[in-house]
Amino acid sequence: MINSVFSQLGLYHLFFFLLLLGGSNLSFASDLTATVDRNKIGIDETVNLRVRYSGDENGGQPDLEQLEQDFDILSRQQSNQYRVINGRAESFVEWTLTLAPKREGKLFIPSFHYKGQVSDAIPVTVSEAGNTPDGANRKAFLEIELDKDKAYVQEQILVKVRLYTTIGLHDIATEPLQVAGAHVEKVDEQRYERKLDGISHAVYELTYAVFPDSSGQLSIPALTYVAIAGRRDPFSLFNRNSQRLRLRSQAKTIEVLPKPDSYSGIDWLPAASLGIVQSWSQDPDTFTVGEPITRILTIRAEGLRAAQLPPLPKLDVEGLKTYPDQPQQEDQVGPNGVTGSRIETTAIVATQPGDYQLPAITVTWWDTKSKKQRATQLPAFRFNVSGTAATSPQNQEPGQLPSPASNTTSLEIQDYFWRNLAIAAIASHLLWVIYFYRTRWNSRNSHRPNSYQTPRNTAAQRESALRRAVDSGTPSYIQKALLDWIHVRWPQLRGSNLTESTQQLAFEELEELHGLLSAAIYQEQPRPLNQQKVKVLVERLLEKQLPFSESTEEESLPKLFT
């Protein structure tokens, strides 16, 4: 009996001993460690950081505020694991972070504090882009190129940012260029291929126009692009075959010079080219007393924004009344940067017949190509005004009152322009009313079977729009208005652009007009547009008859449905 009791006590002690032994194996030792995959990287490269905590984990994460002072956290992942090895249980949580350095030099990944545990700090050496041991074999990198070493204040500086890659990149997040103390405008975007050391690279290029506000040293900051490298797997939630890259360019500095002391112009205009063009709403040879005619002046400068262009001198000629309109400004962007235009429109009314001369207009500017002062001049313009002048009160005898007839005539001459405007406004209103009801009538008839009607005023509207575009003197406006008019005048044409339409119509006027517009729009150094010649060609083209007969059209239509 006693032996059985002692044997039971021995079993209890043995079970208690095994329980203590098992409890010691199941207990989790707390520990916090931090490791990186490499300690030397370039400024345009990334480093992977792993922070592991072994022990009981019930939420939370280490404080990363100090880490973000020197590094950008591009991505972060968290994983929890529990495993038993050789009878020993182990539980830990691990945070994986992709870091990109913010500056060059010797940086430190700080110590992390979590649940009473502290990790060791890790030194990381960050060098310039391309100076790392594997820099020559980089598969993706950024490059910044400036079109000049020095520039004058307010002169255009072209900054090209190129992304080179030999691997597939997607989800590219670009950082827009921002320069302190300068106006920045994106002007071009291109994709092409280029060979470097015999290796083909895909290039994504952005071009910015930078206009410095003051002289001194201008800093072009480093840019950062973030992209995903590798194959995108739409069936994977984590895209483990892809890698997140952060690419960083080098900062640039350019010297900005003040306005030269030798420059004598009133307005500082640093440009690659500058021109002035004059055009009229009608033939200047048909000037008549009391009838308004519109003068259009366009000043265009390559390398300047429209806001930088000054107003042209006001017209002040005895015997002419002027009614200036609000000036228009336009910026055209392209691979060569910004080309600014300022368009000034003025209605002129002659009050007396005779010969008149509009004074020459001279604009002084600074040629950024030759580094010299230049002057562009619009020559003086002479014209003759026909008609009869009204009898003014100064022509009467002293003490004699003007006769009612002469007074009436004087008032009519003075108010001729405004009366024409009123008549034109009333006529325009009536035309819109007629057009509204006609459009409504056509829309009702379009729902009836076998009914087809074409608005007759469409061609007239396109013709008026074309004439207005010619008066503006802007080549791009003229080209668009011309193509719209051709599509309405000859809807049988299949050409979607002006080149195809020109080939199909084979009009000499259209071919010559197409050549003038192309030279003014697409050439690297656009030619000034000959306003008078363009107007003559357009007027001749408007008189051209339909080259396709109606019978030919009717016979060709059924073939489309066979």
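These legends describe close-up views of one predicted model. Because the model is predicted, local features need pLDDT of at least 70 and side-chain atom pairs count only at pLDDT 80 or more, while totals for chains, interfaces and linings use all residues. Residues are numbered from 1 along each chain as its sequence is written, and side-chain values use heavy atoms, with hydrogens and water left out.

**View 1. Four strands make an open antiparallel sheet.** The strand order is β10-β12-β15-β14. Strands are DSSP runs of E, at least two residues long, and helices are runs of H or I of at least four, numbered from the N terminus. Two strands pair if DSSP finds at least two bridges between them. The edges are β10 (140-146) and β14 (182-196), each pairing on one side only. From one strand to the next, the twist averages 20 degrees. Axes for such angles are lines fitted to C-alpha atoms, and angles run from 0 to 180 degrees between N-to-C directions.

**View 2. β14 pairs with β15 (199-212).** The two strands run antiparallel over 14 bridges. Q190 has E205 of β15 as its bridge partner.

**View 3. The largest nonpolar core has 32 residues.** Such a core is a set of buried Ala, Val, Leu, Ile, Met, Phe, Trp, Tyr and Cys residues joined through side-chain atoms within 4.5 Å. Buried means under 20% relative accessible area, exposed over 50%, and partly exposed in between (1.4 Å probe, protein chains only). I157, V159, L177 and L218 have the most contacts inside this core. Elements giving it two or more residues include β12 (157-165), β16 (216-220) and β19 (252-257). Beyond four places in sequence, L218 touches residues including I157, V179, V210 and I254; contact means heavy atoms within 4.5 Å. A second, separate core of 24 residues includes L97, Y114, I122 and V126.

**View 4. Helix α7 (508-521) has 14 residues.** The helix reaches 20 Å from its first C-alpha to its last, close to the 20 Å expected at 1.5 Å a residue. That expected span is 1.5 Å times one less than the number of residues. Among the buried residues of α7 are L510, L513, H514 and L517. The buried residues of α7 pack against α5 (475-489), α6 (498-505) and α8 (531-542).

**View 5. S119 sits in the loop between β8 (117-118) and β9 (122-127).** S119 counts as buried because its relative accessibility is 2%. Its side chain reaches the backbone nitrogen of F112 at 2.9 Å. Leaving aside neighbours within four places in sequence, S119 contacts L32, T33, A34, S111 and F112.

Technical notes. A polar contact is a pair of N or O atoms within 3.5 Å; within protein, one must be able to donate a hydrogen and the other to accept it, and residues adjacent in sequence count only if both atoms are side-chain atoms.
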